[in-house]
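Visitor: Could you take me through the charged pairs of this protein, one question at a time?

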Amino acid sequence: MSNNLIINDENVAKIVTILKYVTLTFTGIVPVSISRQIPGEIMEKPFINIKSISEDSSFKYYNVLYNWLHESEEAPILVPSINEIYTPNWCNIKVSNFTLNICYDQYGGQHQDDSFYIYSDEPLYFKGETQEGNIVRNVSITNPILVESSGQYQMPLTFNINGVTVLPGSPKDFTVKISIYKDRICSKYLGYINILTKVTNTSGPGE
C-alpha cells in the first residue's frame with residue numbers, strides 16, 4: 001500500500017496523527033469520576049454544586065468544592081502528560097439563618113434591619129439575582145472580606161434589590177439567589193445558595 005494519497009492527480013504524503021490520552025481520576029465524590037483526556041488541552045474537571053450540610057437557629061452550613069488537588073497542589077489548567085489522581089478541596093461556609101428584612105426609606109433608599117454574614121475557610125465573592133413575577137431583578141451585593149484571629153474569613157453582606165417597587169403596608173417576599181465565586185471578577189464559579197428576604201416600605205404620603 002502506498003504511503004501517499006492521490007488528490008487532484010497529485011501525490012500527497014499521508015499525515016497520521018496519533019492522539020495520546022491520559023487517565024485522570026477525581027476521587028472523593030460519588031460516583032468517582034474517571035476520564036481520558038489529551039495532554040496539553042484544557043483540563044475538564046467535575047463540577048459539584050454547593051452541598052447543604054446542616055443548620056441550626058443561627059446558621060446554615062455548606063460545603064463548597066473550592067478546587068481539585070494532587071498531592072496538596074492545585075490541579076493545573078492543562079492536562080498533564082501522565083495519569084493523575086485528584087482529590088477535592090472542600091471549603092466550609094456558614095451563612096446567617098434568618099429571613100433578611102430590607103426596608104425602603106422615604107427617599108427610596110434600601111436599608112437592612114440586621115447584619116447578614118457568611119463565614120468561610122477561603123475568601124469568596126458574590127453576585128445576586130431574584131425574580132419579581134417573570135422579571136429577573138439584579139441584586140447588588142457588597143461584601144468586605146475580614147480575617148478573624150482563627151484565620152477564618154468573615155464577610156458581612158449588604159443587599160440592594162434593583163428595580164423593585166414596594167408600596168407602604170404591602171411587603172414583598174423574595175428568594176435571592178447568591179452565586180459564589182473564588183475570584184474578584186467573578187469568573188470562577190463555585191455554585192449558589194438561596195436566602196429569603198422580605199422588602200417593606202414604611203414611608204407614606206407626607207412622611
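Visitor: How many salt bridges does the count come to?

Guide: This is a predicted model, in which local features need pLDDT of at least 70, side-chain atom pairs count only at pLDDT 80 or more, and totals for chains, interfaces and linings use all residues. Residues are numbered from 1 along each chain as its sequence is written, and side-chain values use heavy atoms, with hydrogens and water left out. A salt bridge here is a side-chain nitrogen of Lys or Arg within 4 Å of a carboxyl oxygen of Asp or Glu. By this rule the count comes to 4.

Visitor: Which residue forms a salt bridge with Lys-172, and is that partner buried or exposed?

Guide: Side chains of opposite charge can pair when their charged atoms come close. For Lys-172, the closest N and O atoms of the pair are 2.6 Å apart, and Lys-172 itself is partly exposed at 29% relative accessible area (buried means under 20%, exposed over 50%, partly exposed in between, with a 1.4 Å probe and protein chains only). The partner has a relative accessible area of 17%, so the partner counts as buried: Glu-132.

Visitor: Which residue is linked with Glu-132 and Lys-172 in a network of salt bridges?

Guide: Glu-132 and Lys-172 already pair with each other, although 40 residues separate them in the chain. The network that holds both also takes in Arg-137.

Visitor: What is the N to O distance in the salt bridge of Glu-74 and Lys-182?

Guide: Glu-74 and Lys-182 lie 108 residues apart. Glu-74 is partly exposed at 47%, whereas Lys-182 is buried at 17%. Their side chains meet with an N to O distance of 3.5 Å.

Technical notes. Helix = DSSP H or I, 4+ residues; strand = E, 2+ residues; numbered from the N terminus.
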